[in-house]
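Hi,

Here is the structure I promised to pass on. Have a look at it first, and then read my notes below.

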Amino acid sequence: MNITDRQAKTFSRLLVVVSAVISLAIVLFGYRIFLRESQTIRQEKFNDLKTIAALKVDQIVNWRQSRLEIVRMNTSGAIRIFFNQWLKAPRDPNVISDIMNRITYFRNAEGCQDIFIADPDGKILFSATSTESELSAISRQLIIQTISENKAIFGAQYRCPICGQLHLDVLAPIRTPDNRPVAVLIMRINPNTWLYPFIQSWPVFSKSAETLLVQKDGNDVLFLNALRHRPDIAPLTLRIPLSRTDALSVQAVLGHKGCFEGKDYRGVDVISDSQTIPGTSWFLIAKMDTSEVMADMTYRRNAIALSVILGILLTAAMAASAYFSRTGTLYQRLFQTEQKQRELQGEIGATLYSIGDGVIVTDKSGHIRRLNPVAETLTGWKEAEAIDKPLFDVFQIINERTRQRVNNPVEQVIQDNVVVGLANHTLLVSRDSLERPIADSAAPIHDDNGDIIGVVLVFRDQTEERHTMNKLLASEQFVRSTLDGLSYMIAIVDAAGTILYVNQAWLDFGEANQAEMSAIMPGANYLEICQKAEGPESDGAMEFATGLTAVLSGTRSTFAVEYPCHSPDEKRWFIARVTKFPHDSESRAIIAHENITERKQIENTQLFLLQLGTQENHEDFFEALALYLHDTLGSDFVCIDRLEGDLKTARTVAIYFDGKFRDNITYTLKDTPCGDVVGKTVCVFQKDVRGMFPKDEVLQEMVAESYVGVTLWNILGEAIGLIAVISRKPLANSRLAEAVLKLVGMRTASELEGRQAMEALLTKQRELENLNFSLEDRIRKAVDELRQKDQVLIHQSRMAAMGEMIGNIAHQWRQPLNALGLVVANIKDAHDYKELDATYLNQAIADSNRLIQKMSSTISDFANFFRPDKKIAAFSGLKQIRDAIALVEASFKSNNVTIQCDTTEDVMLLGFPNEFSQVLLNLLVNAKDAIKASKTPNGCVVVNLTSRNGRGCITVRDNGGGIPEDIIGRIFDPYFSTKQQGSGIGLYMSKMIIEDNMNGAITARNIENGAEFIICIPLS
């Protein structure tokens, strides 16, 4: 072996070692990049899920809080006033109408299923839809909880066992003036309408992403909402046992928060983020299939692997090139020309056929010399066919937008001796006319002297990349469109407070209010904007800047503040919320401003109506209302009219025009917008109203532009008046104006109807004054007749009670009289048989005296029982019941009727004990007579004593067949009786004693096989 061979072998070994080390470094570097990309993708998805979960939790919490505030506000306002009026006058049709109008308006305004008012026992008193006849046990339990806690509560969603529908109930107590709960207002919500849309929406496109709402229910996890991948499963039906710890829903209810990988309800591998919803037992889970997350990871893995392989091949190619170059130098004297050719062919061959991109090699004239397999696929040409052909014939490229052919890049490379990249939007047209988007570059090939000997063109198919990019752009566009579609004004800021994005509502508000657009556009600093605020809004701006800084720094997760932002044309209120979310390990925050002007104005209007007309407020109602509408709606002219009988003319009761009240007038409705209002609920002309009614002189003189009017209806549904609001400017917020006028319309109609009634009453009063003298004699006579009737009625009641008493005395005396007769008979027998001695006679006399004493005691008991009471006193309810049973027990036994008292604990009552006993005796006798009349075998009467809601309740229940439904409402009427010899005054007098004398209540109802009477009187 010569020196040249030894040098060649040594150099070749060195190249192998170096190439191996470089290849290993490339592989390790590629693997490290893959791990980092995998972690980045996974973390991005987890961050997205966490942000979406936090956003949905905030939406649900805000929605729940707003429902509670709405119910709480309604139970502390007009409904509370009307309901307390109803408690005093439950049959007053005006009060009933006010309550029904209020809850119906409340239901229509909130769009809920129904609005109920129920008593503490769960009985429905009022309903906005009148579709419910009874409440389920679940609703009654919520009512008990609301009454006991005396505060508004938000119930859990449930499937009603009565109607089978899903319900969410929000309840609040209705209190008396002394703050004692007496009823409950229930707002019933359909989760399919309000709750599930929050949960099911997803801000970006995803094939598998889904949000779940679950809660722990015994030993199971209960799914509360509809499922995206199992639409056949209804809400509140799917359950997963807690033993399934691999299920992410189980992990969530067991306390795991944040990111988690596991199985979903389908058994599919998913990644998720779980969070609790404050104030509830609910858990919210945002999840996405692992396969969808891995799709992007697979693409990046393939790209990295391809790059690693290409790097190894290039390393090998460079090593081979170095080896052949070195070897060629050693053997240059023998193989110079041949070796250069082999080096070139080896380099091109090793590189060309192993890389994954399309490669075309040309000579310096642009004719093809090599075509690798990928290039064959993309161009549609085989290498053998393409060799020696001009590049322009094989590599045909056009502009995607203009459809014009693109210049040959080889010519520019040869001309400028530089690397040339293909322009964007370039399409490669294959031999079979198939078009593909491509990208990459062309580079020159130099010889040892630096001269160009050819061009290598490397290109790749961008179809998949373009598809992925389009999906990303579509997703971003979806998010932007969603945010732009919101009525909220939204901005996203970074950790320093710099605005990164604003939605369309933000821009529209700035433009409408003539704001300096550069100051609120992306790039501006929101904290600096707040700090530069001047005037009365500066304090609120600084408060908001402090809250925003706290959220961005992490000391607070959210911040919200309500603030006024009035303009020269209208009064406005907003609520601003700041929510933090992570983004690429950097803090960002979403700022959302919501216009709550309409809600605020409605609240102010309700407060105004509550305060107006109180004892402390002595203003004229109509003038005060006209002034309020002028200030609230920013109008120039307000009038409140009363319609005349023909509905063709109107008489004003209040006019406020250009800052002062004017004299009332009578005018014709024809050819005026007020004429269009009559008969309609609301009539709105937002602009050019004087052009629509050219004959209306008032509109023309004041140069009116907009008009809003509402009809006033009386309780019979007849039009009695109207309210008109006119402005010289176009109407900016017609919905607010309609809402305010509808709200004040009901109260104004009541006031107007009351004024008309007062005027009519005054007229009648004047007529009555003229008849006053003659009526005195007639009234005196009527009073005398009523007194005589009362005396007859009382006498009849006493006679009826006396008859019952005599009958019961007869039953009580029957046994002792029989025993006394036996004693007398025994004395005679003892005399006849010579057994009568002093001892026998003394015993007989003692027995006779004992029986006579018992009969005398019976007379005393009945006398005391019917003796009238002088004053109200505390007495034992149990004792009075037992005494009454003792008086009638013998009569009951003779008629085969059992009587029993189920009460063991005594209750102290307040009233007239003897009168109470008379009522109780009357009910017992009626029960016995009903059992006899129905010929019921095993007749039974049960008396029970309890206390509830501050009253003692005595229940008398029998199995005598009950009271016919067609007469049960008349049994307490005077002279009404179902007995052939009945006087019809027993139950009437009982009702007078309990309700008039003892401030109690007596009611009757049918039960199974009989009737039940309930007496409720105050406790001592």
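**Salt bridges**

Arg72 and Glu69 form a salt bridge, with their closest N and O atoms 2.8 Å apart. (A salt bridge here is a side-chain nitrogen of Lys or Arg within 4 Å of a carboxyl oxygen of Asp or Glu.) Before I go on: this is a predicted model, where local features need pLDDT of at least 70 and side-chain atom pairs count only at pLDDT 80 or more, while totals for chains, interfaces and linings use all residues. Residues are numbered from 1 along each chain as its sequence is written, and side-chain values use heavy atoms, with hydrogens and water left out.

Back to that pair: Arg72 and Glu69 are 3 residues apart in helix 1, so about one helical turn separates them. (Helices, H or I with at least four residues, and strands, E with at least two, are DSSP runs numbered from the N terminus.) Arg72 is partly exposed at 34% relative accessibility, and Glu69 is partly exposed at 40%. (Buried means under 20% relative accessible area, exposed over 50%, and partly exposed in between, using a 1.4 Å probe and protein chains only.)

By this rule the count comes to 26 salt bridges. Another of them joins Glu435 and Arg403, at 2.5 Å from N to O. This one links distant parts of the chain, 32 residues apart: Glu435 is in strand 18 (residues 435–446), and Arg403 is in the loop between strand 15 (396–399) and helix 12 (409–416).

Arg728 pairs with Asp658 in a salt bridge too, the closest N and O atoms being 3.0 Å apart. Arg728 sits in the loop between strand 31 (719–727) and helix 22 (734–832), and Asp658 in the loop between strand 26 (649–657) and strand 27 (660–662), so the pair ties together parts that are 70 residues apart in sequence. There is also a network of salt bridges that links Glu210, Asp264, Arg266, Lys287 and Asp289.

**Aromatic rings**

How many aromatic pairs are there? The count comes to 17. (Rings of Phe, Tyr and Trp, the last by its six-membered ring, pair if their centres lie within 6.5 Å; planes under 30 degrees apart count as stacked, over 60 as edge-to-face and the rest as tilted.) Take Trp63 and Phe154: their ring centres are 5.8 Å apart and their planes are at 65°, so this pair is edge-to-face. Trp63 belongs to helix 1 (residues 3–75) and Phe154 to strand 3 (residues 153–154), 91 residues apart. Both Trp63 and Phe154 are buried.

For Phe608 and Tyr628, the centres are 4.2 Å apart and the planes at 5°, so that pair is stacked. It links helix 17 (residues 597–611), which holds Phe608, to helix 18 (residues 621–633), which holds Tyr628. Phe608 is buried at 14% relative accessibility, as is Tyr628 at 13%.

Some rings have a charge over them (NZ of Lys or CZ of Arg within 6 Å of the ring centre and within 35 degrees of the ring normal). Arg64 lies over the face of Trp282, 5.5 Å from the ring centre, and the charged end of Lys991 sits over Phe972, 5.0 Å from the centre of its ring.

**Cysteines**

The structure holds 0 disulfides (pairs of cysteine sulfur atoms within 2.5 Å). For Cys683, the nearest cysteine sulfur is that of Cys674, 9.2 Å away. Cys683 is buried, at 6% relative accessibility.

Cheers
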